[in-house]
Amino acid sequence: MGAINAVTDLSVEDGIAIITINNPPVNALGHAVREGIVQAMHKANADAAVQAVVLICEGRTFHAGADITEFGKPPKSPWLPEVVTEIENMSKPTVAAIHGTALGGGLEVALGCHYRVAVPSAKCGLPEVHLGLLPGAGGTQRLPRVVGPEQALAMVTSGAHIDAKTANAAGLIDEIVPEGSLRASAIAFAKKVVAEKRPLKKVRDMNDKVEAARGKPEIFADFRKANARKFRGFLAPEYNIRTIEAAVNLPFDEGMKVERTLFQELMGGIQSAAQRYVFFAEREVWKIPDVPADTPTLPIAKVGIIGAGTMGGGIAMNFANVGIPVTIVETKQEALERGLGVIRKNYETTAKRGKLKPEDVEKRMGLLSGTLELEKLADCDLVIEAVFENMDVKKDVFGKLDKIVKQGAILASNTSYLNVDEIASATKRPEWVIGLHFFSPANVMRLLEVVRGEKTSKQVVATAMQLAKKIGKIGVLVGVCHGFVGNRMLAARQAQAQAMLLEGAMPWDVDKPLYDFGMPMGPFAMGDLAGLDIGWSKEASKSSTVREVLCEMDRRGQKTGAGFYDYDEQRNAKPSPVTEKVIKDFAAKAGVTPRQISEQEILERCIYPMINEGAKILEEKIAIRPSDIDIVWINGYGWPVYRGGPMFYADTVGLANVVAKLKEYGPKLGADFKISPLLEKLAAEGKKFQDLK
Ligand code: 3H9
């Protein structure tokens with residue numbers, strides 16, 4: 001016995017064979033692991049001294065799934081479904097010993113075993129749906145046989161991990177064993193199975209739960225209906241549902257065929273390619289070439305926030321949620337109380353929905369204190385300014401902070417557009433200044449643009465990125481420019497959306513193709529939601545744009561019941577004849593004859609200039625890599641993950657096609673519009689953004 005191959009070990013103790021896999025970091029089921037398991041199983045089967053087999057993993061986790069890096073390459077035998085079948089067909093009992101996460105192919109391997117034990121901290125799940133896939137090694141046919149079709153449906157379409165206790169209650173885990181003694185407990189369990197002559201429990205033969213659901217198509221119809229909004233645009237959830245239907249309605253082997261066909265279809269499709277790309281992009285984003293992972297970071301034990309408005313309050317919640325005390329500064333007592341009141345209400349709503357324990361509301365509120373004195377921020381490790389978006393105001397605040405806050409603290413601005421270097425110039429310590437651009441609502445949105453100034457120190461960058469992770473955000477490091485990555489590209493889209501209004505399209509005409517593309521809403525619905533009066537003042541309003549005129553009419557968006565759209569009591573939008581007239585008057589004044597603009601033109605004119613702006617952002621090194629831009633758009637603006645972000649999408653369209661279209665639209669894109677040289681170069685060379693590594 002001993003080493004089977006580089007990642008597999010086989011030993012026998014007291015009649016129990018122990019197959020140990022060691023394939024860091026997550027024991028993914030790559031080719032060597034699959035081969036190792038099969039060989040070790042065969043050996044154990046052939047060894048008369050072996051009475052049962054335990055499959056266990058070294059390191060931080062049980063198998064976290066198939067090896068995603070192998071996807072898209074020619075498959076190498078043994079395939080994972082074969083491995084699972086080999087295990088299930090063993091003539092001796094097999095026990096999966098689970099710690100960490102048994103995910104995807106990992107859980108499928110465990111389902112091939114006759115028994116499963118786990119430590120209390122272990123989690124199980126079939127997260128393939130997040131990769132635009134479905135479990136392709138029998139998971140869709142075996143899981144419903146164990147937990148029932150309803151729970152299986154929820155698990156495969158959400159990809160959620162369930163804890164060991166829930167898994168045990170559902171029959172997925174046979175026994176929970178003490179933390180820290182998994183190996184010994186699994187061996188003891190295997191001995192018990194042998195001693196009690198328990199049967200070889202093959203999941204494929206457990207038909208009770210699936211048969212009970214046979215002839216009840218409403219289970220699936222209701223599930224589809226209840227989740228239609230959540231699944232909009234995605235292929236994988238529907239395909240996952242079909243495989244569970246197959247498990248219910250067909251014999252096991254037939255169900256396996258359905259799984260295989262649908263799995264392969266998804267694997268070959270663009271959505272899964274996009275979602276797999278995003279999986280790696282989300283992990284790549286933390287890697288900063290000149291700030292290595294071992295860069296020292298600063299402890300952040302106390303945070304100060306200036307401004308108790310929507311942004312300041314939302315930002316404060318992020319820190320209270322992870323136990324970091326926050327001092328919030330306002331200029332007026334009333335504003336301070338209002339801000340703290342809104343935070344309390346948010347927490348109470350979450351508690352009412354059962355997502356927060358009532359005692360935690362008080363615990364978190366207890367971490368928040370309010371003050372009218374900036375001086376109270378003196379001992380903070382990090383101060384985030386979230387005041388009015390105006391350079392003079394921000395510089396004034398930073399000048400004061402420089403005098404008040406202790407040396408060695410990070411001074412951050414939540415600006416969404418302004419020049420962080422100029423803000424930093426108001427202090428004598430620009431290396432300690434950084435931008436932390438949270439997205440609204442700041443306690444909900446996952447994106448944090450970390451804006452690195454010209455002089456920001458590496459230690460400050462490393463600390464900000466680490467902090468982003470700690471508060472559950474996805475931090476994307478960006479450079480200084482107007483609007484950084486997200487809002488700069490948004491501006492390119494807005495310019496076209498506005499221009500098309502005057503050419504003859506109505507707001508709802510522009511919004512529709514973008515919604516159909518998969519965005520949560522189009523630019524005008526988004527404007528109405530945010531409020532059309534952001535940055536607008538009655539005194540300065542000159543009726544010079546459609547938006548200004550709408551604000552002058554007190555059509556300031558959803559909150560006033562009207563904006564580009566009219567809204568009913570439930571805030572349902574409908575096209576507005578008032579807006580239509582305002583737009584037509586503008587066009588008439590400009591001497592434009594309105595024309596019908598095709599959905600294709602609308603989509604291309606909204607999206608291709610964004611891609612062009614993204615290319616400029618890369619040229620100027622504002623973003624480190626194209627995939628960082630995609631992460632910004634997916635997490636900050638709801639770009640559909642199944643289209644992989646604007647830069648990935650551009651690659652799928654073909655950069656030459658994007659350039660050709662931008663040239664075709666030419667003058668319509670505005671006098672200042674210029675095609676990015678990088679985009680043109682890549683297009684001419686037949687390359688993709690993804691080649692820029
Ligand atoms: C599947 O199983 C299909 C089958 O049904 C059918 C087949 C026929 N493969 O996330 P982390 C890497 S589909 C390759 O930062 P954490 C990851 O890229 C699979 N690599 O750690 C990273 O690399 P790097 C279904 C993988 O502790 C490193 O491991 N399974 C895989 O925050 C650490 O990852 C899934 O979808 C993989 N499967 O979280 C599970 N997984 O250091 C996907 C991870 O170079 N994985 N890596 O950046 C996860 O959800 C998390 O990684 C996990 C750990 C929760 C396990």
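Helices (H or I, at least four residues) and strands (E, at least two) are DSSP runs, numbered from the N terminus. Residues are numbered from 1 along each chain as its sequence is written. The model is predicted: local features need pLDDT of at least 70, side-chain atom pairs count only at pLDDT 80 or more, and totals for chains, interfaces and linings use all residues.

View A. UniProt (unreviewed entry) places "domain: 3-hydroxyacyl-CoA dehydrogenase C-terminal" at residues 483-567 and 602-687. UniProt positions follow the numbering used here, feature names are shortened, and annotations may be inferred rather than shown by experiment. Residues 483-567 are 52% helix and 4% strand, with end C-alpha atoms 30 Å apart. Residues 602-687 are 66% helix and 0% strand, with end C-alpha atoms 26 Å apart.

**View B. Domain 3 against domain 4.** The domain assignment, automatic or from a database, gives domain 3 as 485-504 + 595-693 and domain 4 as 520-589. Their C-alpha centres are 26 Å apart. The contact (C-beta atoms, placed from the backbone, within 7 Å) takes 6 residues from domain 3 and 7 residues from domain 4. On the domain 3 side, 3 residues are nonpolar, 2 polar and 1 charged.

**View C. The shell around the ligand.** Of 24 residues around the ligand (C-beta atom, placed from the backbone, within 6 Å), the nearest are Ala 64, Gly 65, Gly 104, Gly 105 and Gly 136. Strand E6 (101-103) and helix H3 (105-112) each supply at least two shell residues. The shell divides into 12 nonpolar, 8 polar and 4 charged residues; Ala, Val, Leu, Ile, Met, Phe, Trp, Tyr, Cys and Pro count as nonpolar, Asp, Glu, Lys and Arg as charged, and the others, Gly among them, as polar.

Technical notes
Contact = placed C-beta atoms within 7 Å.
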